[in-house]
Amino acid sequence: MKTIAYYISDYGYGHATRSTAIIRQLLKKNEEIEIIICHSFAIEFLRQSFKYERRVRFREILTDVGYVLKENSLEPDDDLLNHQVASYVSSFHTKLMYEVHFMKVANVSFVISDISPLGIAGAYLLNLPSLGISNFTWFTAYEGLIGELSLEFLEKRYEQMTYQFSLACSDEPHWGMKENQSFGFYSREVNDSEVQRIRKEINPAGDSHIIYFGLGMKVDIGTLSDLPIWQSPNCKFIVSSNVDVTHPNVYKIPQDETETQNYVAAANLVLTKAGWGTISEAVCAGVPLLITNRSMKEDRHTIDYLVRHQLCDLIEWKGLEILVVTPSLIETCRRQQINRYKNEAVHIAEEINKKINSK
C-alpha cells in the first residue's frame, strides 16, 4: 500500500471540492493507495465527504494564506495580505521541518498539492516526487500584490515540483521539473436523481427559474441582503449556508450538505465570482454562467479564458447592485454559451496514477 500526502489550499471551499473529485477517482482507479489529506479550513467538509472511506486519513494543518479581502468587498486588502504572507514565509522553515518529519513517519511515497507550496517543498527535501495540480499558483496570484522577496520565495518553492498538471484557465510558467500536462474542467460527479429532488423541493410548482448565487464561503459582503436581485419575479435562489440573506424565495443549502455540485446542476443560471470550483461544476453540468468581474490576476485569467471560449457572460459589481434577473437574461446567457466541456476527473486521476505507479 502506497501512502499519498494530498495538500489542499486553505483558501475557501473550491480547492477542497475539486480535490474531493480527484481523490474519489484516484481511490476508484487504484486499490493500492491510501491518502492523507493535509488541510485545515474545510477539514470538516472533507471528513464528511469521505466518512465511509477507510483509505483516507486527515491531518489538520494550515497549508497557505490565500487571499485577504477588504471588508464588504471582493477586492484584496494589499497591506493585510502582505503582512500575512510575510509571516507565512518567515515561519515556513519551521513548518517545513514538521512536514519532513510527518512524511518520514507516515512513509509517504508521493505528494500531490492543490496548490500549497508546503508539501512540494517537503517532498523536494526528501527526494520524493510531487505533483502540483491547479489553474494557478500563489506566486502568479500574488504578483503585483505582495513584496518581491516573498514572491521570490514562493517562486523557488514551486520550481521544486516534479510534475505540473495545469487546469483550464491557467496562465502559468512550466513549473514541473520532469513533466507538464494540461487539462480542462472537472468536478465531483452529479447525481441526476438528487438534482431532480432539489428542483422539486425548491420549485415544486415548476413555474420559477432557479438561480445559484455563489460568492464563495470566504466572501463577506454585509450589504447582500439589500440587493434588489432577491425581488426578481419568478425566481428562486440557492445560496450557501453562511450567506446572511433571508427572503421567502431564497433557499440555503443545508450546513451539513457536502454534495453541493448537485445544487449547481439544478440551477437554470449560476451567478458567481470567478472561483474555479463553482465555474467548473457549472461548465461540466452545462449550466449558463454570469460572472462578477474582479481585478485579481487569477480571476482575470479565468474570465479571459471563459469569455474566449464562450462559456460565460460578465457583470460588474455596480451592475450586480442593481440587477434583477429576468427570463430574457437567462435566455441570453444560455444562447451565448455554446460550449460544454466533458468532466475530466477520471482522465486526470488516470494520469496521476501513472505517476504514482512509475515510482
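Buried means under 20% relative accessible area. At 3%, Cys169 is therefore buried. The model shown in these views is predicted.

**View 1. Cys169 sits in a loop with a positive phi.**
Cys169 lies in the loop between β6 (163-166) and β7. Its relative accessible area is 3%, so Cys169 counts as buried. Phi of Cys169 is near 85°, a positive value in a residue other than glycine. Most residues other than glycine have a negative phi.

**View 2. Asn127 has a positive phi and is exposed.**
The loop between α5 and β5 holds Asn127. Phi here is near 60°, positive although Asn127 is not a glycine. Is Asn127 buried or exposed? With a relative accessibility of 70%, Asn127 is exposed, whereas Cys169 is buried.

The bond from Asp114 to Ile115 is cis. Its omega is near -10°. Most peptide bonds are trans. Ile115 belongs to the loop between β4 and α5.

**View 3. Seven strands form an open parallel sheet.**
The strand order is β3-β2-β1-β4-β5-β6-β7. Pairing in this sheet is parallel. Which strands stand at the edges? They are β3 (56-60) and β7 (179-182), and each pairs on one side only. On average, neighbouring strands are turned by 20° against each other, direction ignored. Strands of a sheet pair through backbone hydrogen bonds.

Strand β1 covers residues 2-8, and β4 covers residues 108-114. Six bridges join them in the parallel sense. Tyr7 stands opposite Ser113 in β4. Helix α1 (residues 14-29) packs on the sheet. Helix α1 touches β1, β2 (33-39), β3, β4 and β5 (130-134). The direction of α1 makes about 165° with that of β1. Helix α4 (residues 92-105) packs on the sheet as well, touching β1, β2, β3 and β4. For α4, the angle with the direction of β1 is about 155°.

**View 4. Leu96 is buried in helix α4.**
Leu96 is a residue of helix α4. Its relative accessible area is 9%, so Leu96 counts as buried. What does Leu96 contact, leaving aside its neighbours within four places in sequence? The partners are Leu118, Ala121, Gly122 and Leu125. Ala21 is 75 residues away from Leu96 in sequence. In space the two are 27 Å apart, C-alpha to C-alpha.

Two packed helices are described by the angle between their axes and the distance between the axes. The axes of α4 and α5 (residues 117-125) come within 9 Å. They cross at roughly 60°, and α4 and α5 are therefore oblique to each other. The crossing is right-handed. From α4, the contact includes Phe92, Leu96, Val100 and Met103. From α5, Pro117, Leu118, Ala121 and Leu125 are among the contact residues. By class, this contact of α4 with α5 has 10 nonpolar, two polar and two charged residues.

**View 5. Helix α5 also meets helix α7.**
Helix α7 covers residues 148-158. The axes of α5 and α7 come within 8 Å and cross at roughly 55°. That angle makes α5 oblique to α7. Here the crossing is left-handed. Pro117, Ile120 and Ala121 of α5 meet Leu154, Arg157 and Tyr158 of α7. Five of these residues are nonpolar, none is polar and one is charged.

**View 6. Six strands form an open parallel sheet.**
The order is β10-β9-β8-β11-β12-β13, with parallel pairing. Strands β10 and β13 (313-315) stand at the edges with a single partner strand each, so one side of each has no neighbour in the sheet. Neighbouring strands are turned by 25° against each other on average, direction ignored.

How many of the five residues of β9 (residues 235-239) are buried? Four are, so β9 is largely enclosed by the rest of the structure. Strand β8 (residues 209-214) pairs with β9 over four bridges, in the parallel sense. Ile210 has Lys236 as its bridge partner in β9. Ile211 stands opposite Phe237 in β9. Three bridges link β9 to β10 (residues 250-252), again in the parallel sense. Val239 stands opposite Lys252 in β10.

How values were computed. Residues are numbered from 1 along each chain as its sequence is written. This is a predicted model: local features need pLDDT of at least 70, side-chain atom pairs count only at pLDDT 80 or more; totals for chains, interfaces and linings use all residues. Side-chain values use heavy atoms; hydrogens and water are left out. Two strands pair if DSSP finds at least two bridges between them. Helices (H or I, at least four residues) and strands (E, at least two) are DSSP runs, numbered from the N terminus. Axes are lines fitted to C-alpha atoms, for helices over the stretch in contact, and angles run from 0 to 180 degrees between N-to-C directions. Contact means heavy atoms within 4.5 Å. Buried means under 20% relative accessible area, exposed over 50%, partly exposed in between (1.4 Å probe, protein chains only). Angles under 35 degrees count as roughly parallel, over 145 as roughly antiparallel, 65 to 115 as roughly perpendicular and the rest as oblique. A crossing is left-handed if the near helix is turned anticlockwise from the far one by less than a right angle, and right-handed if clockwise. Ala, Val, Leu, Ile, Met, Phe, Trp, Tyr, Cys and Pro count as nonpolar, Asp, Glu, Lys and Arg as charged, and the others, Gly among them, as polar.
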